[in-house]
Amino acid sequence: MDTIRQAVGGGTEVHPTAASVAAEPYYQLQVNAPGGEAILLLASVQGGLESWFGHDGQAVFLRNGVLVRTVGLEANLDHVAFDGGNPFASGLQHVQAPIAYRRVLDWSPGYRYGITAVAQLEPKGVESVDILGQVRQLRRYDEHVRADGAGFDVTNRYWVDPADGFIWKSRQHVAPGQALELIQLRPYREART
C-alpha cells in the first residue's frame with residue numbers, strides 16, 4: 001500500500017478499480033494530494049471517529065466525513081472543534097440554506113493552536129460523480145472557512161448523498177496551503193436519519 005506521505009511528496013499514482021477494491025476485505029479511502037495519491041485502510045471507529053492508516057503510520061481521522069486530524073504530513077491538522085453548532089453531525093442532507101458557524105483549529109508544526117475561523121456552508125446543485133465506474137448523483141456543498149491573521153481563507157467542497165448525508169467525496173484543506181481530496185472507495189457507513 002502507498003502511504004499518505006507518498007501522496008503528499010512522492011508523486012505516486014494509484015488506479016483502483018471496482019474489482020481491485022472488491023478483492024480486498026477492508027474499508028478503503030483514496031487520498032489525493034498535489035504530489036500523488038494513496039489508498040488508506042480503516043483501522044478503527046471509536047465514538048464516531050474513523051481512523052484511516054497507510055502502512056507507515058501516516059493517517060487521517062474523520063468525524064462525520066470531516067477531516068479532524070492528520071498524522072505524517074508536511075503540515076498537520078491536530079484538532080478541529082465546532083463552536084456554536086456542527087452542521088456535519090446531523091447530516092448535510094438537512095442543510096437547505098446557507099448557514100454560518102465557527103471552527104477552532106490546531107495546526108503543526110508551528111504550534112498554531114486555538115485558531116478561530118468563521119465558516120459558511122452553502123448547498124449547491126446535484127452533480128454526477130464517478131467513483132469506480134459507478135456514477136452517483138450527489139449534492140455539492142461548499143464550505144468557506146476564513147481565519148484572519150492565520151493565512152487561512154479556503155473553500156472546502158463536499159459531495160453528499162442527498163438521502164442520508166453521507167460524504168462520498170470531498171476536498172478539504174488540512175492547513176494553510178495544503179488540501180487533500182478524499183474519495184470513499186469502500187465506505188464505512190453508519191446509519192443516519
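Predicted model: local features only at pLDDT ≥ 70, side-chain atom pairs only at ≥ 80, totals over all residues.
**Stop 1: the strands on either side of the turn**

Select residues 66-71, which make up β5, together with β4; the pair runs antiparallel and is joined over five bridges. To see one of those links close up, click on R63 and then on V66 in β5, its bridge partner.

Now select residues 59-63, strand β4. How many of its five residues are buried? Four of them are, so the strand is largely enclosed by the rest of the structure.

**Stop 2: E50**

Stay in strand β3 and pick out E50. Is E50 buried or exposed? Its relative accessibility is 9%, and since anything under 20% counts as buried, E50 is buried.

Show whatever surrounds it. Once you skip residues up to four places away in sequence, E50 touches L42, S44, V45, V60, F61, L62 and Y188. Try the distance tool on one of these: from C-alpha to C-alpha, E50 and F61 are 5.5 Å apart in space, although eleven residues separate them in sequence.

Now turn on side chains. Which side chain makes a polar contact with the side chain of E50? It's that of W52, at 3.0 Å. While the side chains are showing, here's a handy rule for looking at any strand: in a regular one, they alternate between the two faces of the sheet.

**Stop 3: a second hairpin**

Jump to G177. You're in another hairpin, this time of β11 and β12, with two residues between the strands; G177 takes a positive phi near 80°. The two strands pair in the antiparallel sense over six bridges.

Click on Q28 and you'll find R186 of β12 standing opposite.

**Stop 4: H173**

Go back to β11, residues 167-175, and select H173. With a relative accessibility of 16%, H173 counts as buried. What is H173 in contact with, leaving aside neighbours within four places in sequence? The answer is F152, V154, T155, N156, Q178 and A179.

**Stop 5: out on a loop**

For the last stop, select P162, in the loop between β10 (152-160) and β11. P162 has 44% relative accessibility, so it counts as partly exposed. Beyond its neighbours within four places in sequence, P162 is in contact with Q93, Q137, L138 and R139.

Finish with one more distance. Pick the C-alpha atoms of P162 and A100: they lie 20 Å apart in space, with the two residues 62 apart in sequence.

Notes:
Residues numbered from 1 in each chain as written. Heavy atoms only, no water. Buried < 20%, exposed > 50% of the residue type's maximum accessible area, 1.4 Å probe, protein only. Helix = DSSP H or I, 4+ residues; strand = E, 2+ residues; numbered from the N terminus. Pairing = 2+ DSSP bridges. Contact = heavy atoms within 4.5 Å. Polar contact = N/O pair within 3.5 Å; in protein donor to acceptor, adjacent residues only side chain to side chain.
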